[in-house]
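Trainee: I would like to go through the labels on this model one by one. Can we set each value against its cut-off?

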Amino acid sequence: MDFNTHMRRGHPIVFSLIILFCIIELAISAWLTSRFNSYQNYFSLAERDRTRFLLFTSIWTIVLSGVYMFFFFSLPDSPMSSVASHVVFLLLTWIFWTAGAASITAALGGGLNCNTQMVFVYCGQLNALEGFAWVIWLLVTFAILVVLIRGILAARRGDGMRGSLMA
């Protein structure tokens, strides 16, 4: 199998996994944001604001990953399907997920033991929020590494970064 076959199979799988986990992250962060807005029972402003940032980041990722999947299948030769476009999107998304996952981890002190702590009201949900943020970060990291490898191969064949993900 050549790299194109792996890209045709792998791109939809990786992006579908990213979207799936982002939908879960969206549900958790939206629920927490709703609770924080209704009851004002967040431990700190950092906890509240970082939950809102993860809500934004999950929406950003769901919408744009869906757009990129559409262009990958429907218009594979368009500029939106280029290596450069994928690198820019994935790099921004990676920065957002790095900031979001690290900041919620810092706000929670590295994770919560729900059996021993009494400070955080939504302990289990906050742990899930943190865990899924890191899972999504790993998936986006993997995706950007594969696209960068594909960019190197595109540059070697003479297409440059504007070349399609598919040879």
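Trainee: Why is Thr141 called buried?

Mentor: Its relative accessible area is 18%. Buried means under 20%, exposed over 50%, and partly exposed in between, with a 1.4 Å probe and protein chains only. So Thr141 counts as buried. Thr141 sits in helix H4, residues 123-156. Helices are DSSP runs of H or I with at least four residues, numbered from the N terminus.

Trainee: What should I keep in mind about the source?

Mentor: This is a predicted model, where local features need pLDDT of at least 70, side-chain atom pairs count only at pLDDT 80 or more, and totals for chains, interfaces and linings use all residues. Residues are numbered from 1 along each chain as its sequence is written, and side-chain values use heavy atoms, with hydrogens and water left out.

Trainee: How far apart are Thr141 and Asn127 in space?

Mentor: They are 21 Å apart, C-alpha to C-alpha. In sequence, 14 residues separate Thr141 and Asn127.

Trainee: What makes Arg48 and Asp49 a salt bridge?

Mentor: The rule asks for a side-chain nitrogen of Lys or Arg within 4 Å of a carboxyl oxygen of Asp or Glu. Here the closest N and O atoms are 2.8 Å apart, and Arg48 and Asp49 form a salt bridge. The count by this rule is one.

Trainee: Is Arg48 buried or exposed?

Mentor: Buried, because its relative accessible area is 18%. Asp49 has 36%, so Asp49 is partly exposed.

Trainee: Why are H1 and H4 called roughly antiparallel?

Mentor: Their axes are 9 Å apart and the angle is about 155°. Axes are lines fitted to C-alpha atoms, for helices over the stretch in contact, and angles run from 0 to 180 degrees between N-to-C directions. Angles under 35 degrees count as roughly parallel, over 145 as roughly antiparallel, 65 to 115 as roughly perpendicular and the rest as oblique. H1 and H4 are therefore roughly antiparallel.

Trainee: What about H2 and H3?

Mentor: The axes of H2 (residues 45-74) and H3 (residues 83-107) come within 9 Å and cross at roughly 155°. That makes H2 roughly antiparallel to H3.

Trainee: What makes Ile13 exposed?

Mentor: Its relative accessible area is 51%, so Ile13 counts as exposed. Ile13 lies in helix H1, residues 3-39.

Definitions and conventions: Helices (H or I, at least four residues) and strands (E, at least two) are DSSP runs, numbered from the N terminus.
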